[in-house]
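Visitor: I have a model open and would like to talk through how its side chains pack. Could you take me around?

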Amino acid sequence: MTKPSDNRLFGDNFVKITATFFGIGYFPWGPGTMASLAGIVIAWFAGSLFIPLVMIFMVLGFAVTASAVRVLKSGDPSSFVMDEVVGVMNPAPIIPPTW
């Protein structure tokens with residue numbers, strides 16, 4: 001028999017991968033800090049892909065938020081780190097490269 005549809009837009013694995021930014025949110029010591037470092041590295045090397053990447057990450061973060069609360073079984077899961085990634089990438093264009 002087939003499982004009835006529960007009207008979810010994204011599967012649980014997609015939500016986990018996106019919300020934890022490819023598993024960085026499961027890092028045992030400072031997952032938010034590790035996600036921020038990942039965002040800085042991406043911003044540094046993104047070049048002309050910077051703005052599209054920020055927009056994609058932002059839209060994905062918004063899209064999986066409600067599902068992440070359910071999947072990660074917490075009202076404010078510490079493993080949800082997509083906001084840290086986007087948060088450090090947003091001001092990156094105004095920081096001088098010599099800073």
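Guide: We can go through the aromatic pairs, the helices, the core, the pocket and some backbone angles in turn.

Visitor: What should I know about the model first?

Guide: This is a predicted model, in which local features need pLDDT of at least 70 and side-chain atom pairs count only at pLDDT 80 or more, whereas totals for chains, interfaces and linings use all residues. Residues are numbered from 1 along each chain as its sequence is written, and side-chain values use heavy atoms, with hydrogens and water left out.

Visitor: OK, how many aromatic pairs are found in the whole structure?

Guide: The search finds three aromatic pairs, where the rings of Phe, Tyr and Trp (its six-membered ring) pair if their centres lie within 6.5 Å, and planes under 30 degrees apart count as stacked, over 60 as edge-to-face and the rest as tilted. One of them joins Phe21 and Phe22 in an edge-to-face arrangement, with 5.2 Å from centre to centre and 75° between the planes. Another is formed by Phe21 and Phe57, also edge-to-face, at 5.3 Å centre to centre and with 85° between the planes.

Visitor: Where do Phe21 and Phe57 sit in the chain?

Guide: Phe21 lies in the loop between α1 (12-19) and α2 (31-45), and Phe57 lies in helix α3 (residues 50-71), so that this pair links distant parts of the chain, 36 residues apart. Helices here are DSSP runs (H or I, at least four residues), numbered from the N terminus. Ring pairs link Phe21, Phe22 and Phe57 into a cluster.

Visitor: Is Phe22 buried or exposed?

Guide: Phe22 counts as exposed because its relative accessibility is 65%, given that buried means under 20% relative accessible area, exposed over 50% and partly exposed in between (1.4 Å probe, protein chains only). Phe21, by contrast, is buried at 5% relative accessible area, and Phe57 is buried at 11%.

Visitor: Switching to the helices, which residues of α4 are buried?

Guide: In helix α4 (residues 82-89) the buried residues are Met82, Val85, Val86 and Met89. They lie on the same side of α4 because they cover an arc of only 90° around the axis, the arc being that of the directions from the helix axis to the C-beta atoms. The buried residues of α4 pack against α1, α2 and α3.

Visitor: And what about α1?

Guide: Val15, Thr18 and Ala19 are buried in α1, and they too span an arc of only 90° around the axis, which places them on the same side of α1. What covers the buried residues of α1 includes α3 and α4.

Visitor: Which residues touch the most other members of the largest nonpolar core?

Guide: Among the 21 residues of that core, Phe21, Phe57, Phe80 and Met89 touch the most other members. A nonpolar core is a set of buried Ala, Val, Leu, Ile, Met, Phe, Trp, Tyr and Cys residues joined through side-chain atoms within 4.5 Å. Each of α1, α2, α3 and α4 supplies at least two residues of this core, and the largest share, six residues, comes from α3.

Visitor: What does Met89 contact, beyond its sequence neighbours?

Guide: Leaving aside neighbours within four places in sequence, Met89 is in contact (heavy atoms within 4.5 Å) with Gly39, Ile42, Ala43, Phe50, Leu53, Val54 and Phe57. With neighbours within four places again left aside, Ser36 is in contact with Glu84 and Val88; Ser36 is found in helix α2 and is buried, with a relative accessible area of 18%.

Visitor: Which residues lie nearest the centre of the largest pocket?

Guide: Ile40, Ala43, Trp44, Ala92 and Ile95 lie nearest the centre, out of 12 residues that line the largest pocket. On a 1 Å grid over the protein atoms alone, a pocket is an open set of points where a 1.4 Å probe fits, with protein on both sides within 12 Å along at least five of seven lines, and lining residues have an atom within 4 Å of a point. The largest share of the lining, three residues, comes from α2.

Visitor: Last topic: what is phi at Lys73?

Guide: Phi of Lys73 is near 55°, a positive value in a residue other than glycine, and Lys73 is placed in the loop between α3 and α4. Phe22 likewise has a positive phi, of about 60°.
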